[in-house]
Amino acid sequence: MTQLVKVSNLKKNFGTFTAVKSISFNINSGEIYGFLGPNGAGKTTTIKMLTGILVPTSGKIEICGLDLLTHPLEVKSQIGVVPDEPKLYENLTGQEFLEFVGSVFLMDKDEMKKRIEELCDAFEINFLEKFIGDYSHGMKQKLMLTSVLMRKPKVIFLDEATVGLDAKSAKILKMLLKKYANEGSSIFMTTHVLEIAEKMCDRIGIINAGEIIAEGTLSDLRNESGKQSLEDIFLQLTGSTDEEVKEIIQNL
């Protein structure tokens with residue numbers, strides 16, 4: 001099986017603080033990889049390094065067989081990124097933004113038009129003629145998803161991508177990601193919604209305090225922890241217990 005993402009001893013320092021501590025993992029073609037962790041664990045820092053926004057302090061990232069540090073443009077042409085907070089050109093309309101993205105990635109105009117129409121129908125997008133500055137968070141999220149999914153990149157990075165989406169759009173997104181994975185794409189996703197990770201992800205990595213403390217299929221994690229639900233596994237591995245949670249509630 002082809003490994004589209006290879007991460008080796010990845011580390012990121014901010015001054016004297018180490019946000020990510022020499023982590024390593026791989027993602028195969030056709031695989032959805034869930035990257036979980038509590039707030040401040042290093043998830044967003046990791047995804048920013050994987051997508052070329054942050055330069056690692058040390059370590060190596062290979063995507064589609066290319067070293068991200070030495071071939072950044074080639075790598076970025078193969079990936080799609082949906083950040084947790086979409087930052088878009090607010091003085092463009094949604095249509096102008098999608099056409100701009102399509103031109104940057106040299107998409108065929110007819111294919112781009114077809115893909116935009118399909119995704120707009122799926123996500124019920126009827127606001128492309130409006131300026132992005134007038135969009136709600138959910139509208140911006142749908143536009144960003146469309147700009148990525150219309151390209152069908154080989155590797156897709158999503159940071160809390162369902163936040164701001166209505167239930168129907170979130171369901172469609174989950175089904176589309178499964179479809180793209182079945183067609184050979186690799187999906188890397190962070191989420192705080194453990195039910196999503198439990199249902200969607202082929203493998204899960206759990207990061208805490210900058211270190212990957214567990215990795216494997218849900219079955220692997222269940223066997224190692226003795227817990228059945230991903231929520232219980234997550235709480236156990238990140239240092240919380242049911243008793244601790246109950247005590248917090250009782251003291252409120």
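This report walks through the pockets, the cavity, a surface patch and a salt bridge of a predicted model.

## The largest pocket

Let's start with the largest pocket, which has a volume of about 770 Å³. Its lining is made up of 27 residues, and the ones closest to the centre are Ile53, Val81, Val82, Pro83 and Met144. If you have the structure open, these five residues are a handy way to find the middle of the pocket.

Several elements of secondary structure take part: helix H1 (43–50), strand E6 (79–82), helix H3 (94–104) and helix H5 (137–149) each provide at least two lining residues. Sorted by class, the lining holds 15 nonpolar residues, along with five polar and seven charged ones.

## The second largest pocket

Next comes the second largest pocket, with about 210 Å³ of space. Here 13 residues form the lining, and Leu54, Val55, Pro56, Leu68 and Leu69 are those nearest the centre.

Strand E4 (58–63) and helix H2 (72–76) each give at least two residues to this lining. Strand E4 has the largest share, with three residues. By class, you will find eight nonpolar, two polar and three charged residues around the second largest pocket.

Which helix gives the most to the lining of the cavity? That is H6, with three residues. Helix H6 (167–182), strand E8 (186–190) and helix H7 (194–200) each supply at least two residues.

## A nonpolar patch on the surface

Turning to the outside, Tyr89, Phe100, Val104 and Phe105 make up a nonpolar surface patch. Together these four residues have about 380 Å² of accessible area.

Tyr89 sits in the loop that runs between strand E6 (79–82) and helix H3 (94–104). Those two elements have already come up above, as both E6 and H3 supply residues to the lining of the largest pocket.

## Salt bridges

The model has ten salt bridges by the count used here. One to look at joins the side chains of Lys114 and Glu118, with a distance of 2.9 Å from N to O.

Both partners belong to helix H4 (residues 109–123). How far apart are Lys114 and Glu118 along the helix? They are four residues apart, which is about one turn of the helix.

Terms used: Residues are numbered from 1 along each chain as its sequence is written. This is a predicted model: local features need pLDDT of at least 70, side-chain atom pairs count only at pLDDT 80 or more; totals for chains, interfaces and linings use all residues. Side-chain values use heavy atoms; hydrogens and water are left out. Patches are made of residues with over 30% relative accessible area and no salt bridge: like charges are joined within 9 Å, nonpolar side chains (Val, Leu, Ile, Met, Phe, Trp, Tyr) within 5 Å. Accessible areas come from the Shrake-Rupley method with a 1.4 Å probe; for residues, only the protein chains shown count as cover. On a 1 Å grid over the protein atoms alone, a cavity is a set of points where a 1.4 Å probe fits but cannot get out, and a pocket is an open set with protein on both sides within 12 Å along at least five of seven lines; lining residues have an atom within 4 Å of a point. Grid points are joined across faces, edges and corners, and a volume is the space filled by probe spheres set on the points. Ala, Val, Leu, Ile, Met, Phe, Trp, Tyr, Cys and Pro count as nonpolar, Asp, Glu, Lys and Arg as charged, and the others, Gly among them, as polar.
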